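Take a look at the model below. Then read on for a short tour.

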Amino acid sequence: MTQHSSAPQADGAVGPRVRAARPDAAPSARSGASGWWRDAVIYQVYPRSFADGDGDGMGDLPGVRQRLPHLAALGVDAVWLSPFYASPQADAGYDVADYRAIDPMFGTLHDADALIRDAHALGLRVIIDIVPNHSSDRHEWFTRALAGDPAARERYHFRAGRGERGELPPNDWESVFGGPAWSRVPDEPGLWYLHLFAPEQPDFDWEHPAVRDEFRSVLRFWLDLGVDGFRVDVAHGLVKAAGLPDMGSGEQLRLLGTAELPFFDQDGVHEIYRSWRQVLDEYPGERIGVAEAWAPSAERTALYVRADELHQAFNFHYLGTDWDAPALREVIDASLTSLGAVGAPATWVLSNHDVVRHRTRLGGGAPRARAASLLMLALPGSAYVYQGEELGLPEVTELPDEARQDPSFFRDNGQDGLRDGCRVPLPWAEERTADGGTSFGFGGGSSWLPQPPEWGALSVAAQTGDPDSTLELYRTALRLRRERPELGDGEPLEWLTAPEGVLAFRRGAFVCAANTGPEPAALDFRTGALLLASGPLPAAESGRTVLPGDTTAWWAER
Ligand code: GLC
């Protein structure tokens, strides 16, 4: 594998060369390499469902590569790819058997290299997922451990069971996917191993130096290939409380992300990210780390993004907030305050591959989803867009059970078990394929999860050029974000006094208002010239702007 083209330039920067390749990149203070991530819009690609290059019904890296121009035209800054590593796919690739290999179902290392090169040529940075909390049960270390190799066993959590003959799990922890977090070792009565997720995902023991060394080496492998950063899966899970103490509560799943737990958000994780930051900083062009950290509060989340740790953390508190003005204001303030205290940019997210799509989750259909998106994109910091939200895709709630693949669906009492409904392959074309398949331009005849018949009308082709479409709304919003210096990491947010149910703020000359209520609201403040609205705005009444329910609009004073 040759050194990637984003390797050190003479001036040690990736950005300026990359940005120069973007025909539509507006020159601004933010367009250099420095701090590019502080206001980046990062688009999540879920490789199995984005685009299928070889027609087998499953998305792959050549498919992503062919469709990169869509992302460049959308106007995002970076792409985050969910895992594409060699994996038995017990959890859609979040069970990694080889951290340095691409699963044949997604392509080859050559395809990954070509994808990174093409993305950079289009001005897009590439962030990849890394899964350090657990491996696959087919990872070489774990197969050696199961075979009895004591050195390999030390890299995972093997423990004797409780009860007279070790017939009970070593402690009372529950798997996030439901059921006990322990499974028995076949043929060794009384011996168990820990898996916070599926049994096919054994947790590493991060106290072991070999685990720490291995992951720093894996980071370097991909950094050498040219990736611009990592999304760190289950970043909060790596370190467990000493002695693996019982929780003493049967309500663990409900407590995830809201309470202190002996297996999540332990202080010891931060030392790991400090050592990862040193690796990232060895490379030019500001390579970043993004924490998937479900911590109990905004303050605890902010600890992951202190100056010598990772760069960003997902804002799940924002994602989990209803479409309700006071609640949104509270979470926005808490996020800005806690992240500001450590000098990190806020991030905002509404959808990802683990949650019900926001068009469905927020309960107000397309108008509310569009309003929520426009609000998110006006907030200070960086934003994450999940593939298909730019098309206004709803959650697919009617999947037949036999099509489902999410392990949480199959484990009793697991999380909602609905994750397949946001993973249905994207529609690119209006028509079904000639062979009667259902792919709407996704690729093969039948996609791995069936697409609803009405998705042709939501396809990229159907929406392109239609000024009222959600796709064009996103394109315009992202263009304005690049053009207007107040947006992104620009001016601070100042709240404006607004009618009940309306959230309104100013950022320098830029004004945003979101009406979360059902009724139109007349605004008391000067809005300026309209830049963009998520839905139709009526004529002003007595000089006052009227904002309909479930609508967000952007204005500028000059
Ligand atoms: C993260 C991923 C999720 C996966 C889990 C276990 O939460 O986003 O999809 O199932 O980690 O790796």
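How far is an oxygen atom of the ligand from an N or O atom in the side chain of His 134? The distance is 2.9 Å. This is a predicted model.

**The ligand**

The table gives the values.

| Side chain | Distance to an oxygen atom of the ligand |
|---|---|
| His 134 | 2.9 Å |

On its own, the ligand has 310 Å² of accessible area, and the protein covers 96% of that. The ligand is surrounded by 14 residues. The closest are Asp 91, Asp 233, Glu 292, His 353 and Asp 354. By type, the shell holds 7 charged, 4 nonpolar and 3 polar residues.

**Arg 423**

Now turn to a loop. Arg 423 sits between helix 16 (407-410) and helix 17 (460-463). Its relative accessible area is 2%, under the 20% cut-off, so Arg 423 is buried. Its side chain makes a polar contact of 3.1 Å with that of Asp 354. Beyond its neighbours within four places in sequence, Arg 423 also touches other residues, including His 353, Tyr 386 and Trp 448.

**Helix 18**

Helix 18 runs over residues 470-483. At 1.5 Å a residue, its 14 residues should span 20 Å. The end C-alpha atoms are 20 Å apart, which agrees. Of the 14 residues, 11 are buried, so helix 18 is largely enclosed by the rest of the structure. Among the buried ones are Leu 471, Tyr 474, Arg 475 and Leu 478.

Definitions and conventions: Residues numbered from 1 in each chain as written. Predicted model: local features only at pLDDT ≥ 70, side-chain atom pairs only at ≥ 80, totals over all residues. Heavy atoms only, no water. Helix = DSSP H or I, 4+ residues; strand = E, 2+ residues; numbered from the N terminus. Expected span 1.5 Å × (residues − 1). Buried < 20%, exposed > 50% of the residue type's maximum accessible area, 1.4 Å probe, protein only. Near = heavy atom within 4 Å. Polar contact = N/O pair within 3.5 Å; in protein donor to acceptor, adjacent residues only side chain to side chain. Areas by Shrake-Rupley, 256 points an atom, 1.4 Å probe, with all protein chains shown as cover. Nonpolar A, V, L, I, M, F, W, Y, C, P; charged D, E, K, R; others polar. Contact = heavy atoms within 4.5 Å.
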